[in-house]
Amino acid sequence: MKVSVTTIPLNELDIDLLLIPVAENVVAESLNALAEQFGEIVQRAGTDFSGAFEETLWLYPEAGRARRLALLGIGAPDRIDLERLRRVAARGAELARERKVVTVAIVRPVVPLDVEATSQALVEGFMLAAYRFTRYKTETELRDIERLVLHETPDDEKASRRGAERGRIIAECVMTARDLVNLSPDEKTPTKLARLMEQSAKKYGYEADVWDKALIEEEGMGGLLAVNRGSTEPPTFTILTWRPENALNERPVILVGKGVVFDTGGLSLKPTKDSMDYMKSDMAGAAAVVGTMEALARLKLPLYVIGLIPATDNRPGENAYVPGEVIRMHSGKTVEVLNTDAEGRLILADALSYARTYRPELVIDLATLTGAQIIALGTEAAAVMTNSIGDPQARLEAIVAAGERSGDRVHPLPMYEEYAKLLESDVADLKNIGGREAGSITAAKFLEHFVDYPWIHVDMAGPAFLKEPKPYRPKGGTGFGVRLLVEFLRDYASPHRRAF
């Protein structure tokens, strides 16, 4: 989708659909101004429009070049924030889809928010709502929206252009993550996923180094190798690097993404309905890291960032690892396996252990890790946890704030030391499950054993993949995590913020 910003008079816009967001307190004023450009029909129809949030009104103008108008209510002024603007723009995209239009313009409303951020939010909301995954449809009646125009005042044009361009890039990178999650499992085996990452790196100017099974064995990644044993496909470990010449940090920020390309549960087999049938999404953490690396390179963010992607499937093959088995991890610690469906933490633990070799400033891992996260927080927010090294409160505050600004919301869970006792093993250093209680927290406490640096853990099992659509989030892969990480890292690029 092409995105542009214009300052020409509204009635000169040659467009299929003109979207006009209107707040409750300025309905009469807005309609009077529109009537001067599009005819009295606007005022007459406006008697049925209050500006309430999510209210819409179609109009067919008597004058001007726009073929359709749609008024979009954005509600009370004191309730307007960036997320509401994304949802308003998303509603506009739905209207455009309903009418199968090709060109759309949206007026940036005058609200007490930063111009750049407002324009970015409108473009993100519209583009993400317009997304459809049609790769496997042999026939479709869907018509792509080809062009989005953001209408702006001359005084704010430059700021609006910056925001719109950033919104376009970030939305496209979220779509990269969505596409990866939505791919059929046979098209994203560990090797094929690694090839896709190499293609992304080549296209956008960052680096990708793919390890094969021999290198993984040489490095001693016992967790990744154990999970992979039941598969006919070998594992991969991919290192993605963005290191611009003007990077503000000598030691990297590392992003780790869980890359279980399909999870049957192994010998601890999952039921199919509402469980295994959605497990092509178990690499959503890896997809979010790929989308983020693309965004960092395209936005030219001055940070040294590394992405680590351990990838395998988890299948009950004839040589699959079994409950009761003790495996030796990359760090040298031993783990008693009591449930082969708690596999994501094993491959993440090896990647987190390997991350130590970089002496990182900060490590963030993202994973569809536990069903307990969905029970606790549903699909509206991911769980976020951190360790006690450095300033944990500052880290949590920063990532929660980034979630609120970006729309990829996260909510903290505690990491009390008492939870670690649930992972004590009779025969090994620790076991890979902690029981029914506090499942998301005990999974994080397991991972904590393998880090010795400032670390943030994001369990995104709920918001990463939806069974029913939500505003600008479709059924299937949502691309959750990309906007969160980009927003967090843009803030982190300020020198005073890197004291976590």
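This is a predicted model: local features need pLDDT of at least 70, side-chain atom pairs count only at pLDDT 80 or more; totals for chains, interfaces and linings use all residues.
Colleague: Why is Thr 241 called buried?

Modeller: Buried means under 20% relative accessible area, exposed over 50%, and partly exposed in between, with a 1.4 Å probe and protein chains only. Thr 241 has 17%, and is therefore buried. Thr 241 sits in strand β8 (residues 236-242); strands (E, at least two residues) and helices (H or I, at least four) are DSSP runs, numbered from the N terminus.

Colleague: Which residues does Thr 241 touch?

Modeller: Leaving aside residues up to four places away in sequence, Thr 241 touches Tyr 206, Glu 207, Met 293, Tyr 304, Val 305 and Ile 306. Contact means heavy atoms within 4.5 Å.

Colleague: What makes α5 oblique to α14?

Modeller: The axes of α5 (residues 157-182) and α14 (residues 482-492) come within 9 Å and cross at roughly 135°. Axes are lines fitted to C-alpha atoms, for helices over the stretch in contact, and angles run from 0 to 180 degrees between N-to-C directions. Under 35 degrees counts as roughly parallel, over 145 as roughly antiparallel, 65 to 115 as roughly perpendicular, and the rest as oblique. So α5 is oblique to α14.

Colleague: Which residues meet there?

Modeller: Arg 166, Ile 170, Cys 173, Val 174 and Ala 177 of α5 meet Val 482, Arg 483, Val 486 and Arg 490 of α14. They divide into 6 nonpolar, no polar and 3 charged. Nonpolar covers Ala, Val, Leu, Ile, Met, Phe, Trp, Tyr, Cys and Pro; charged covers Asp, Glu, Lys and Arg; the others, Gly among them, are polar.

Colleague: How do you know that β3 and β4 pair?

Modeller: Two strands pair if DSSP finds at least two bridges between them. β3 and β4 (residues 69-75) have 4 bridges, in the antiparallel sense, so they pair. Thr 56 stands opposite Leu 72 in β4.

Colleague: Which sheet holds β3, and what makes β3 an edge strand?

Modeller: The open sheet has 6 strands in the order β1-β6-β5-β2-β4-β3, with mixed pairing. β1 (2-6) and β3 (56-59) are its edge strands, as each pairs on one side only. The twist averages 20° from one strand to the next.

How values were computed
Residues are numbered from 1 along each chain as its sequence is written. Side-chain values use heavy atoms; hydrogens and water are left out.
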